[in-house]
Amino acid sequence: MSLLLGASILEPAGPAAERVASLWPWLLWASVVAVVVVVVLMAVSMRRRGRLDGPVDSTEPRWGVGLIIIAGVAVPFVVLAATYVLSLVQMRELASGGDEAEITIEVIGRTWWWEVRYPNGATTANEIHIPAGEPVMLELTSADVIHSFWVPELQVKVDQVPGRTNELWIEAAEPGRFRGQCAEYCGLQHANMIVQVVAEEPEEFERWLDEQAAPAADPAGLAAEGRDVFMSTTCIGCHTIGGTQAQGDLGPDLTHLASRDTLAAGVMDNTAENLAQLVTDPQSVKPGMIMPPTQLTDEQTEALVAYLMELE
Ligand code: CUA
């Protein structure tokens, strides 16, 4: 179940995150040693001062000017320069590692979900499928406020700024699911702006991509009634369902809604019961979201949910 996935930079799942994970112990231990040395020197100094009776003669450093130059200037310079160079080397590699990417995916941050667009026209939300073992380029932008894209097991985080496109490549070494999180405070549901990267075997990914670009299947029975409900209520104003007259673009594209793991950007599992709650009382699922409640009878809700659950 995706909502429980951990997401630690210490468990890298791809080459970019490996670099980050290999860098951090060096930075950590350099900092720890520096702090310990400084604290010990301070403690020694305070103890000595505490033992003295009269005023301290500070005109002449106790251990001479040489100590100040070595411990106060030379050593910090070497330590800071070394960590700086280490970081620069990794940053350069992180920036250039996606040159081999064969596919570019647009990821648009929106309050509070993620729109994901593929070159073949497939549009989905909150789930980014990628082929495992291959670098993939992401073009990150925002439709409203500043968000930040961060999947700790795969890459560093990059801001999503309105009117600007930032590139970030990601690669997962093995198939798996990786949790990502908006990392820039963007309003009430910032913490519930969750994205999932799904890495699959390349053939499986290709199949998924073809399916996602296809229009929605024609419903029958109860689901056909549900489609009529969808097309005659407020739903149609904000959502797109490929192959129908629903072409709204305020909310997520629902053409293949039933193929996704979660609803409302990782807030709940994608089940009929949860979907019914989301449709009829969205504010109880994600307070502040722009989706208004839909006034439906129980029969209409049942038909609508049957229709949406068929959109695989
Ligand atoms: Cu989007 Cu925080």
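Modeller: What follows is a set of questions about labels and their reasons, for a model that is predicted.

Colleague: Why is M46 called exposed?

Modeller: M46 has a relative accessibility of 57%. Exposed means over 50%, so M46 counts as exposed. M46 lies in helix α1, which covers residues 15-51.

Colleague: Why does N126 count as buried?

Modeller: The relative accessibility of N126 is 8%. Buried means under 20%, so N126 counts as buried. N126 has its place in the loop between β3 (123-125) and β4.

Colleague: Which residues does N126 touch, leaving out those up to four places away in sequence?

Modeller: They are W113, W114, V116, I194, V195, Q196 and A265.

Colleague: What makes the pair of N126 and W114 a polar contact?

Modeller: A polar atom of the N126 side chain lies 2.8 Å from the backbone nitrogen of W114. The cut-off for such a pair is within 3.5 Å, and 2.8 Å meets that distance.

Colleague: Why is α4 called roughly perpendicular to α8?

Modeller: The axes of α4 (residues 222-232) and α8 (residues 298-309) cross at roughly 105°. Angles of 65 to 115 degrees count as roughly perpendicular, so α4 is given that label relative to α8. The two axes come within 7 Å.

Colleague: Which residues make the contact, and how do they divide by class?

Modeller: On the α4 side they include L222, V229 and F230, and on the α8 side they include A303, L304 and Y307. By class, the contact has 10 nonpolar, two polar and three charged residues.

Colleague: What makes β4 and β7 edge strands?

Modeller: The open sheet has five strands in the order β4-β10-β9-β6-β7, with mixed pairing. β4 (127-131) and β7 (158-160) each pair on one side only. The twist averages 25° from one strand to the next.

Colleague: How do you know that β6 and β9 pair?

Modeller: Two strands pair if there are at least two bridges between them. Strand β6 (residues 147-150) and strand β9 (residues 176-182) have two bridges, in the antiparallel sense. W150 stands opposite Q181 in β9.

Colleague: Which helix packs on this sheet, and which strands does that helix touch?

Modeller: Helix α3 (residues 202-213) packs there, touching β4 and β10 (194-200). The direction of α3 makes about 135° with that of β4.

Terms used
Residues numbered from 1 in each chain as written. Predicted model: local features only at pLDDT ≥ 70, side-chain atom pairs only at ≥ 80, totals over all residues. Heavy atoms only, no water. Helix = DSSP H or I, 4+ residues; strand = E, 2+ residues; numbered from the N terminus. Axes fitted to C-alpha atoms, helices over the stretch in contact; angles between N-to-C directions. Contact = heavy atoms within 4.5 Å. Parallel < 35°, antiparallel > 145°, perpendicular 65-115°, else oblique. Nonpolar A, V, L, I, M, F, W, Y, C, P; charged D, E, K, R; others polar. Buried < 20%, exposed > 50% of the residue type's maximum accessible area, 1.4 Å probe, protein only. Polar contact = N/O pair within 3.5 Å; in protein donor to acceptor, adjacent residues only side chain to side chain.
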